[in-house]
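Hi,

Here is the structure I promised to pass on to you. Have a look at it first, and then read on for what turned up.

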Amino acid sequence: MEVEANYDEAAVGEYTLPEIWPDPPRSVEDRIRIWPERRKEILAQFETVLYGRFPRDNFSVSSELFEEGDMIPGEALRKQYRLTFTNPRSGAAKSMDVLLVTPAGVSKAPCLCALNFWGNHSTTDCPEIPVNPNWMRWDEKLGYTNHRAEENTRGVVSHRWPYRQIVEAGFAAATAYYGDIYPDCNKGRREGLAALFDHEDDETAAGSIGYWAWGLCAMRKFLTGLESIQSDRIHAVGHSRLGKTALWAAANDERFAGAMSNDSGCAGASLSRRNFGETPGWMAGVIPWWFRPGFVRHADHPHDWPVDQHMLLATIAPRPLLVTSAVEDTWADPRGEELSAVHASSLYAFLEGTVDSPVSDGRAIASKKVRYQIRPGDHDMLPADWAAALEHFSED
Ligand code: GCU
């Protein structure tokens, strides 16, 4: 396993990326017709190499609107739903709380759908949001001790959730706590919604990214049925490990209208074959439960994989895709994120008929549907990142 991360561009090493579509059709019509088949093959490869089989369920889902009110008087409304999932075989049931913020006076809004790291109550100072009772990661700086959230953690990451900015752009935002789905620790699969699945614990079973992505899709399905949401304009959004999640969710669930990954880094937007910042081998040693169990055996050899992350981005085509990075977030390899978006954009342009081959020269974004943004600062989800999403997804 590699121990020291490399931060020297000159030491990234040589690599050859697998082609997104090695034997593509000539006519644009055929490309569009056959792309879904190629896309499925790529998704199957990502299941085998990284994330495990995408969880499929036959749960029954019920929803209860348990609280509503003004979020920002005159500007934004808040609704809180408890979604309860029941496994029909075992009868076991568990729930996830969804906080939905919609622009006041708009009958149907497009929606950014994103999981959060610290509970819905951490995203705003609003006193009406229950403190999440489930397992939390330990973070003394934020006030999370004993793996539980207390009242003092209300609003601790509100800077990451600029609801006013979102509703002012005419969008709704929906969020849920990722730990409601799968608590982020080695034994997490036994708690949370993931525990409802009848598990086959083989080498290709899903890791936590797979379950988080499933949860995001479950949220998307729920939002699709709401009067206040434009069902064909729900976008998957996420920061860091939840950016990896948003990409995997949108890749698998075509009913997401688009995807944004912010600082998602290794196993997210950035290229695994570049030895810069975090590496798959490091992840396999420290956070193996994010991936399928068999990942640990080949994590050190990304050069042998049939996929790299530009292909994950490409599976979102032809839907809008946004990749954002931060200059100081070198662990996530911003250059690797950009290159990945550039290469993926060649596939978009190929489907649009503006280039002859889905292989890029690695220089520039080739399609308007793909956008890359890098801002100053460190690993975080800031108004500048949201602004890019609001702008890019307004152009649908
Ligand atoms: C760690 C992890 C990254 C991840 C990040 C986050 O740094 O190594 O892969 O993106 O946590 O989720 O904040």
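At 2% relative accessibility, does Ala 267 count as buried or exposed? Ala 267 counts as buried, because buried means under 20% relative accessible area. Please keep in mind that this is a predicted model.

You will find His 147 in the loop between β4 and α2 (163–168). With a relative accessibility of 27%, His 147 counts as partly exposed. There is also a cis peptide bond, from Ala 317 to Pro 318, with omega near 5°; Pro 318 sits in the loop between α8 (309–314) and β8. As background, most residues other than glycine have a negative phi, and most peptide bonds are trans.

Now to the sheet. It is open, has 9 strands with mixed pairing, and runs in the order β1-β2-β3-β5-β4-β6-β7-β8-β9. At its edges are β1 (60–72) and β9 (370–375), each of which pairs on one side only. Neighbouring strands are turned by 20° against each other on average, ignoring direction. Within the sheet, β2 (residues 76–86) and β3 (residues 93–103) pair in the antiparallel sense over 11 bridges, and Thr 86 stands opposite Ala 93 in β3.

Two helices lie across strands of the sheet. Helix α5 (residues 241–252) lies across β4 (109–116), β6 (229–239), β7 (258–262) and β8 (321–326), and runs at about 140° to β6. Helix α10 (residues 383–394) lies across β4, β6, β7, β8 and β9, at about 165° to β9.

Finally, helix α9 (residues 334–352). Its 19 residues reach 27 Å from the first C-alpha to the last, close to the 27 Å expected. It is mostly covered, with 16 of its 19 residues buried, and it is followed by Gly 353, which has a positive phi near 85°. Helix α1 (residues 28–51) packs with α9 at an angle of about 125°, the axes being 8 Å apart, so the two helices are oblique to each other. On the α1 side the contact is made by Val 28, Arg 31, Ile 32 and Trp 35, and on the α9 side by Leu 347, Phe 350 and Leu 351. These contact residues divide into 6 nonpolar, no polar and 1 charged.

Happy exploring!

How values were computed
Residues are numbered from 1 along each chain as its sequence is written. This is a predicted model: local features need pLDDT of at least 70, side-chain atom pairs count only at pLDDT 80 or more; totals for chains, interfaces and linings use all residues. Side-chain values use heavy atoms; hydrogens and water are left out. Helices (H or I, at least four residues) and strands (E, at least two) are DSSP runs, numbered from the N terminus. The expected span of a helix is 1.5 Å times one less than its number of residues. Buried means under 20% relative accessible area, exposed over 50%, partly exposed in between (1.4 Å probe, protein chains only). Axes are lines fitted to C-alpha atoms, for helices over the stretch in contact, and angles run from 0 to 180 degrees between N-to-C directions. Angles under 35 degrees count as roughly parallel, over 145 as roughly antiparallel, 65 to 115 as roughly perpendicular and the rest as oblique. Contact means heavy atoms within 4.5 Å. Ala, Val, Leu, Ile, Met, Phe, Trp, Tyr, Cys and Pro count as nonpolar, Asp, Glu, Lys and Arg as charged, and the others, Gly among them, as polar. Two strands pair if DSSP finds at least two bridges between them.
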